[in-house]
Amino acid sequence: MTEAAILLDPTAERSPAARPRLARPAGLEGLTVGLLDISKARGNVFLDRLDELLQARGVTVRRYRKPTFTRPAPVELAQRIAAECNLVVEGLAD
Amino acid sequence: MSSLPDGLIVIAKRDCPTCVLVEPLLAQLAATGLALTVYSQDDPDYGAGVAGRVHDSTLEHSYRLDVEIVPTLIRVAGGREVERTYGWDRADWQRITGVAALGADLPAIRPGCGSRSLDPDVAEGLALRFGKVRLSARQVTIGEAEDPVEACFSRGWTDGLPVVPPTPERVLRMLSGTRRAPDEIIGSIPPDLVPCTVEKVAINAVMAGCLPEYMPVVLAAVEAALIDEFGMHGVLCTTMFCGPVVIANGPMSRAVGMNSGVNALGQGNRANASIGRALQLVIRNVGGGRPGEIDRSALGTPGKYTFCFAEAEDSAWAPLHVERGFAPESSTVTLFAGEGVQGIVDQKSRTPESLARSFAACMRVIDHPKLAMAGDALLIVSPEHARVFIEAGWSKARLLRELIELLTLPADEMIAGAGGIAEGLPPSLAGTKVPKFRPGGILIVRAGGTAGLFSAVVAGWAASGAVGSTPVTQEIVA
């Protein structure tokens with residue numbers, strides 16, 4: 001059988017059905033920001049500028065790079081970013 | 001569809017050989033000038049030559065006409081059904097249609113086939129679309145590319161293992177396992193004390209992997225957890241280990257195939273596994289009791305996924321529900337706030353006196369050998385061990401009395417500091433004897449495979465009794 005696209009909520013329905021995004025931090029102080037280059041052309045230009053601006057504000061920045069933009073990030077890379085950063089920014093377009 | 005078209009109605013499907021057999025008769029009937037409506041469940045061309053031919057593509061007509069077998073022939077007069085037959089029965093068809101020679105060259109009787117409206121999953125879908133049942137739980141639409149099992153994980157609905165996605169069809173099928181109305185509120189689930197409907201229990205029972213026939217047991221287990229003495233809120237939020245252990249008694253546990261024998265406390269039996277899990281999922285999802293939030297257990301216990309089994313009742317030993325005041329023919333669940341399973345290995349005792357001493361020695365270590373009147377004990381006696389008592393004429397009650405006696409201990413060994421261990425009873429008890437367990441704090445059940453001179457004890461929550469949790473028993477009603 002095919003799985004229906006409707007499920008019945010098993011909870012007390014105290015939170016919205018649409019899951020809220022994680023709350024954004026009030027500021028960047030004390031946080032580590034990851035910059036993920038997905039290996040798309042000139043993404044590094046955008047991320048380099050962000051790097052400069054963030055470092056100028058005293059924010060800790062870590063740089064990461066996906067081997068190719070055509071595939072999802074390797075699990076090891078995703079786990080490393082999650083373990084090392086509080087926030088991540090990735091440049092998606094050319 | 002409050003009123004039916006007068007005349008004859010035939011419901012059929014091409015996929016059914018008997019429907020194919022009677023198909024030529026339909027044009028004959030139409031030619032006589034009788035008002036005839038033919039509903040085809042599959043092939044829109046079935047009943048060619050009949051003006052009143054309708055493709056029942058949604059099966060709404062089949063559902064509303066309550067068709068179980070095709071072909072079904074119905075005669076309607078004055079907007080009401082007056083007669084019906086199903087399959088091919090020549091005499092019936094001739095009488096109902098009033099056409100004396102109808103199908104004279106066909107065999108006298110041919111059985112029909114099942115109506116498509118009763119196909120698995122189809123029936124529930126039709127009931128949801130066209131029936132009276134209304135489910136009230138919020139519908140959560142998941143993305144087309146989203147795996148439903150993963151969707152349940154990402155919404156935080158699972159205990160860490162996959163759940164069966166609770167589709168409306170599955171929930172409706174689960175509700176068929178109880179006579180209770182979906183909107184009946186069975187109580188408020190801790191820790192959030194949210195009113196819980198039968199429907200919400202059914203949703204979580206689907207997710208846990210239950211069959212509909214388990215619903216009465218699941219409902220009784222949830223109701224038992226809500227009895228005040230059980231203290232479900234505390235059982236959940238304690239930093240200690242316990243979770244609700246479900247012990248089933250009576251004919252219902254056998255009817256649904258619960259395991260009381262080989263590996264009774266282990267994996268592999270759907271009823272045991274899913275009934276215990278359904279209770280835990282209700283606490284998690286409806287009550288909001290999640291580990292790390294209100295559930296503050298330091299270590300937890302594997303039984304917090306599921307811990308549910310049936311007693312292997314023996315006519316020579318009063319089963320737990322009878323000991324607790326219920327009729328032998330009744331079915332019950334008893335909830336015990338229990339920790340893990342500790343084995344009792346005694347392969348040498350052949351007398352009840354020796355074996356009872358073994359049990360007492362092993363039960364003495366519950367919580368700590370130097371603590372008393374803290375946690376209750378659930379003693380699970382295997383058939384080979386039970387036989388030692390039964391053959392010597394010891395009832396369960398006799399064993400219980402002997403254990404209480406054997407577990408009345410010299411406090412001097414147990415007071416704080418004794419044996420170089422700081423933990424222990426208050427020094428004021430020095431020189432006295434103390435009962436290891438509070439009155440009523442030992443439950444005995446018989447369960448397990450028939451080979452193995454091993455029993456087990458499950459420690460209760462160290463806050464057993466009025467201060468925390470007292471075992472409770474709830475009757476299972478269909």
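This is a predicted model: local features need pLDDT of at least 70, side-chain atom pairs count only at pLDDT 80 or more; totals for chains, interfaces and linings use all residues.
Reader: Is α7(B) buried or exposed?

Author: 11 of the 11 residues of α7(B) are buried, so the helix is largely enclosed by the rest of the structure. Among them are B:E199, B:K200 and B:N204, as well as B:V198, B:V201 and B:I203.

Reader: How does α6(B) lie against α7(B)?

Author: Their axes come within 9 Å and cross at roughly 110 degrees. α6(B) and α7(B) are therefore roughly perpendicular to each other.

Reader: Which residues make that contact?

Author: From α6(B) there are B:R170, B:V171, B:M174 and B:L175, and from α7(B) there are B:E199, B:A202, B:I203, B:A205 and B:V206. By class, the residues where α6(B) meets α7(B) are seven nonpolar, no polar and two charged.

Reader: And α7(B) with α8(B), at what angle do they cross?

Author: The axes of α7(B), residues 198–208, and α8(B) cross at roughly 115 degrees and come within 10 Å. This pair is therefore roughly perpendicular too. The crossing of α7(B) past α8(B) is right-handed.

Reader: Which residues are in contact there?

Author: B:V198, B:V201, B:A202 and B:A205 of α7(B) meet B:M215, B:V218, B:L219 and B:V222 of α8(B). The contact of α7(B) with α8(B) has eight nonpolar residues, with no polar and no charged ones.

Reader: Moving on to α8(B) and α11(B): how are they angled?

Author: α8(B) covers residues 215–225 and α11(B) covers residues 270–285; their axes come within 9 Å and cross at roughly 45 degrees. These two helices are therefore oblique to each other.

Reader: What touches what?

Author: On α8(B), the contact uses B:V217, B:V218, B:A221, B:V222 and B:A225, and on α11(B) it uses B:I275, B:A278, B:L279 and B:V282. The residues of the contact of α8(B) with α11(B) are nine nonpolar, no polar and no charged.

Reader: New topic. How many residues does each chain put into the contact between chains A and B?

Author: Chain B gives 29 residues and chain A gives 14 residues.

Reader: Which elements of chain B supply that side?

Author: β10, α5, α6, α7 and α11 of chain B each supply at least two residues. α7(B) gives the most to the side that touches chain A, with four residues. On the side of chain B that touches chain A, there are 16 nonpolar, six polar and seven charged residues.

Reader: One more: where is B:C237, and what is it in contact with?

Author: B:C237 is in helix α9 of chain B, residues 232–237. Leaving aside neighbours within four places in sequence, B:C237 is in contact with B:P191, B:I294, B:D295 and B:R296. The C-alpha atoms of B:C237 and B:R290 are separated by 9.1 Å, and these residues are 53 residues apart along the chain.

Reader: Why does B:C237 count as partly exposed?

Author: B:C237 has 15 other C-beta atoms within 10 Å. Buried would need 20 or more, and exposed 12 or fewer, so B:C237 falls in between.

How values were computed: Residues are numbered from 1 along each chain as its sequence is written. Chains are lettered from A and ligands numbered from 1 in the order in which they are written. Axes are lines fitted to C-alpha atoms, for helices over the stretch in contact, and angles run from 0 to 180 degrees between N-to-C directions. Angles under 35 degrees count as roughly parallel, over 145 as roughly antiparallel, 65 to 115 as roughly perpendicular and the rest as oblique. Two residues are in contact if their C-beta atoms, placed from the backbone, lie within 7 Å. Ala, Val, Leu, Ile, Met, Phe, Trp, Tyr, Cys and Pro count as nonpolar, Asp, Glu, Lys and Arg as charged, and the others, Gly among them, as polar. A crossing is left-handed if the near helix is turned anticlockwise from the far one by less than a right angle, and right-handed if clockwise.
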